[in-house]
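Here is a walk through one protein model, from the overall layout down to single residues. Have the structure open and follow along.

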Amino acid sequence: MKTILTSLALLGLVLAGTAAAPTGAIAQEEAHSEAQPTHFPIHEPKEMDWSFAGPFGTYDKAQLQRGLKVYKEVCAACHSMKLVAFRTLEDLGYSEGQIKALAAEYTINDGPNDAGDMFDRPGIPSDHFPAPFPNDQAAAAANGGAAPPDMSLLAKARGVERGFPRFVFDIFTQYAQGGPDYIHSLLTGYDEQPPAGMEIPEGTHYNPYFIAGVSLKMPNPLSDDQVTYDDGSPQTVDQYSRDVSAFLMWAAEPHLEARKKTGFRVLVFLLLFGALVYLTKRKVWAGVAH
């Protein structure tokens, strides 16, 4: 009996705490001001219309090529992409000769040679994109104390958690674009001004879409007409952000199209197999009295 009463008392405390939690959260939310946010990011990322979204989505190769150009001319000055090999750019529509020429634009530190020394050589397709700094310490020293993250898996590593009930709908819509949405919003969010009274640490830059605070070390990396497009696409910050976000999604998940095709075939097989099993069961047991 004593055990039962103790269990009921504990259950009551848990329920009381659960009921009080929303009230406390609401009170905390009401107490904060725009100048003192209690959660980050301050603004949720904007949902964009991506070609690779949904169960039948595919990559836009022209967009990926533009995104690669933005990465090379802007992002590569600070961010590495050490897990992406030049030869995988064949998926973007480049020929073998183009990939060899692109790889040769980079200098790769290799070795040791027969004398035991390291040496520099032009890149080859089997090489990976080299890092702009020799190590993380050097990267941090050159960027105000914060080492820029590697971009190889950035589109899968970044994203904002979507609360109930949206994450339930995401199961059916197969929403997996949280990373690209976040990157695009971050890159286009620098123009917003902080609310009056908000203190921005010196040497940082306000961005309401930043996931870890009111500001970040990275300044606005993009401006209109910064990168020249050969296909006539708009040379705007919004377009640059879209293209490089899509490219980083491909870098993080290059087999997305094959995975979706395989998943669709498996579902079709399971539906047909289920129908055949049901019809077989009806035929086998049709003459048996129930």
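## The overall layout

Keep in mind that this is a predicted model. The protein has 9 helices and 4 strands. If you read along the sequence, they come in the order α-α-α-β-β-α-α-α-α-β-β-α-α.

Of the 290 residues, 32% are buried. As for how the chain folds back on itself, take the contacts between residues at least 6 apart in sequence: 63% of them join residues at least 24 apart.

## The main nonpolar core

In soluble globular proteins, nonpolar side chains tend to be buried together. Here, the largest nonpolar core holds 46 residues. Tyr71, Met81, Leu89, Phe129 and Trp250 are the ones with the most contacts inside this core. The elements giving two or more residues to the core are α2 (61-73), α3 (96-104), α5 (154-157), α7 (178-187) and α8 (237-252). The largest share comes from α8, with 10 residues.

Tyr71 is a handy place to start looking around. Setting aside neighbours within four places in sequence, Tyr71 is in contact with Ala76, His79, Ser80, Met81, Phe129, Met151, Val244 and Phe247.

## Where α2 meets α8

Two packed helices are described by the angle between their axes and the distance between the axes. For α2 and α8, the angle is about 100 degrees and the axes are 7 Å apart. That makes the two helices, α2 and α8, roughly perpendicular. On the α2 side, the contact is made by Gln63, Leu64, Arg66, Gly67, Leu68, Val70 and Tyr71. On the α8 side, you will find Gln239, Tyr240, Arg242, Asp243, Val244, Ala246, Phe247 and Trp250. Sorted by type, the residues of this α2 and α8 contact are 9 nonpolar, 3 polar and 3 charged.

Gly67 is worth a click. This glycine lies in helix α2 and counts as buried, because its relative accessibility is 0%. Leaving out neighbours within four places in sequence, Gly67 is in contact with Asp243, Val244 and Phe247. Gly67 and Tyr240 sit 173 residues apart in sequence, yet 7.1 Å apart in space, C-alpha to C-alpha.

## Where α7 meets α8

The axes of α7 and α8 come within 9 Å and cross at roughly 150 degrees, so α7 and α8 are roughly antiparallel to each other. Their crossing is right-handed. From α7, the contact uses Pro180, Ile183, His184 and Leu187. From α8, the contact uses Val237, Asp238, Ser241, Arg242, Val244, Ser245, Leu248 and Met249. The residues of the α7 and α8 contact split into 7 nonpolar, 3 polar and 2 charged.

How many residues of α7 are buried? The count is 10 of the 10, so α7 is largely enclosed by the rest of the structure. Among what covers the buried residues of α7 are α5 and α8. On the α8 side, Ser241 is buried too, with a relative accessible area of 0%. Not counting residues up to four places away in sequence, Ser241 touches His184, Leu187, Thr188 and Leu222.

## A buried aspartate in a loop

Asp127 is found in the loop between β2 (119-122) and α4 (136-142). Is Asp127 buried or exposed? With a relative accessible area of 10%, Asp127 is buried. Apart from neighbours within four places in sequence, Asp127 is in contact with Val84, Ala85, Phe86, Ile108, Arg121 and Pro122. Asp127 and Ala85 are 42 residues apart in sequence and 5.5 Å apart in space, C-alpha to C-alpha.

Most residues other than glycine have a negative phi, and most peptide bonds are trans. The peptide bond from Phe40 to Pro41 is cis, with omega near 0 degrees, and Pro41 is in the loop between α1 (2-31) and α2. A cis bond also joins Gly111 and Pro112, with Pro112 in the loop between β1 (107-110) and β2.

Asp225 has a phi near 65 degrees. Asp225 is in the loop between β4 (215-216) and α8 and is exposed, with a relative accessible area of 56%.

Conventions: Residues numbered from 1 in each chain as written. Predicted model: local features only at pLDDT ≥ 70, side-chain atom pairs only at ≥ 80, totals over all residues. Heavy atoms only, no water. Core = buried A, V, L, I, M, F, W, Y, C linked by side-chain atoms within 4.5 Å. Buried < 20%, exposed > 50% of the residue type's maximum accessible area, 1.4 Å probe, protein only. Contact = heavy atoms within 4.5 Å. Axes fitted to C-alpha atoms, helices over the stretch in contact; angles between N-to-C directions. Parallel < 35°, antiparallel > 145°, perpendicular 65-115°, else oblique. Left-handed = near helix turned anticlockwise from the far one by under 90°. Nonpolar A, V, L, I, M, F, W, Y, C, P; charged D, E, K, R; others polar.
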